[in-house]
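Please examine the sequence and the three-dimensional structure shown here. A short briefing accompanies them.

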Amino acid sequence: MKRLIERSRSVGEVLRWVTQNPGKVSASHYPIALHKLGQLLQQQPAPPVGAGVGRGPAGQVLEQPEFHALCQAIVSGCAKFDNFSIVNCLYAAAALGLPGESPLVRVLEDESRSRLGRFNQKDVSMVFSSEANNKALEAIFSSQLFYENRQERFIRSMAEWLPRKAENLTPYTMALIAKYVARHRLREPRLLDTIANFLLKRGEQLDSKVIQKLVFPFSRMNYRPSNHGELFPKLEAILEQKAGSSPLATVNILMSMFQLSHFPQTVLHQVFSPAFITNVMSSPYALIVRRYLSLLDAAVELEFREYSGPRLDPRYRVLMFEHALTADEANRKYSYKGLVAEALRQLVGEECYRQDEVLPPGYCTDFLLWINRSGTVLPLSRVPAASKAPPTMSPAAMSLRSSVLALTSDLQDFAPFAPETPSSPPGPRESGRAGRVVLSVNDKWHYCQNSDILVGSRAMRDRHLRLLGYCLVQLPYTELEKVSGIEEAKHYLRQKL
């Protein structure tokens, strides 16, 4: 039966072999049949323009009674299938392009989910044993089965498979893998280095938008690929040629490189040039590019002081972010920030801290306090206005250099507060220079998966806040998850402060 299915020359022939010989069809034959259908459909011509959705070869097959009979046979019998056949059927269904809401896919995923604990390496690694196409990968990446199991078997299998298959993949497929890796913060060196090698070999043939997708996982995971000595100069040369063709992709690539502390000087000359700015201002994405350029300009001031080329005109500067990041807002109910806020309120009082304060050049801080050199938390109403924060960055004008100088002057006699001094509101006669302290609640999604390494954007934010004169106190979720109740949280914060 296996040979008959594999030698079939038409969709109808495959369906006849399977549906007309039920007694000779075993569990292992169903995924073979689905795979063969997918191969045959790929060989058929595309439908004419205007044929309508679902009226091409694939749509016609899905509507055939014999195909429905095949799907029903799988649905009825999958509970008795072995693990390998279940996973193989799911992969074949994805490659065939069946929608996720179809009864066949739903039943296969439900059955797979119930068996997750019994799956072995072979069950999942076979996903990549045959040709991987874009549609299959996209369906697999969106599958709840692989989402739940990605860290252990799926990613390990892909890390073993990808280096061997990379040369045969299209840029679109590699970008799809890069997107998946970045979205789930998977700091797997073998995957990241394979993407970097692909980019090094094919970078000149790719447009800026694809390069942007392939570069993003490196900064997201705060990971310099092993070939960065060759890759980064290659990217600089490509950007020099293509900077004007896609401004948004260009600044995104630059942001990724900045997060990895790499500053391509020649490209900066271009993006801060009047010609590039004029081009950006007339585009529909002018505001978002201005946000990126404003943050890049601030990063140059703070981290690339030897740069002497053009800079962003002050009238175009804006805050990179005006409120908390979308991910933090979406995950608020899972954050430890609420626990910290209540403990801090009871510990020092509401008048002694600010929550979700946005600081130039546009970084949202979890909690901001002012503490004098004796270790006393000051009410914000009593802190002199000049000491509270750097000058506000506005579209009209803002010099980050003067901010740094002002902070340096203000903190000259600031000394570390004694750790044994309990944090408390000040007495009527207490005074002293105010040191700016940022409490940073680092929740699970601020780190790479199963790692203590902060994602690139968070790491760069911390570097910049320190360079601006703020004292960062990190509150990692690994410590906060051990805190039980408000009293323990207050004790924990007192020790941290």
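The structure is a predicted model. Its open sheet consists of four strands in the order S1-S2-S3-S4, and the pairing is mixed.

**Sheet**
- The edge positions are taken by strand S1 (354-359) and strand S4 (471-476); each has a single partner strand, so one side of each is left without a neighbour in the sheet.
- On average, neighbouring strands of this sheet are turned by 45 degrees against each other, with direction ignored.
- Five bridges join strand S2 (residues 363-371) to strand S3 (residues 435-442), and this pair is antiparallel.
- Leucine 369 has valine 437, in S3, as its bridge partner.
- In general, the strands of a sheet pair through backbone hydrogen bonds, in either a parallel or an antiparallel manner.

**Helices across the sheet**
- Helix H23, formed by residues 456-467, lies across S1, S2, S3 and S4 and runs at about 35 degrees to S2.
- Helix H25, formed by residues 485-496, lies across S3 and S4, where its direction is at about 145 degrees to S4.

**Leucine 169**
- Leucine 169 is located in the loop that lies between helix H10 (144-165) and helix H11 (171-183).
- Is this residue, leucine 169, buried or exposed? Leucine 169 counts as buried because its relative accessibility is 6%, and the cut-off for buried is under 20%.
- The C-alpha atoms of leucine 169 and phenylalanine 198 are 9.5 Å apart in space, while the two residues are 29 residues apart in sequence.

Notes:
Residues are numbered from 1 along each chain as its sequence is written. This is a predicted model: local features need pLDDT of at least 70, side-chain atom pairs count only at pLDDT 80 or more; totals for chains, interfaces and linings use all residues. Side-chain values use heavy atoms; hydrogens and water are left out. Two strands pair if DSSP finds at least two bridges between them. Helices (H or I, at least four residues) and strands (E, at least two) are DSSP runs, numbered from the N terminus. Axes are lines fitted to C-alpha atoms, for helices over the stretch in contact, and angles run from 0 to 180 degrees between N-to-C directions. Contact means heavy atoms within 4.5 Å. Buried means under 20% relative accessible area, exposed over 50%, partly exposed in between (1.4 Å probe, protein chains only).
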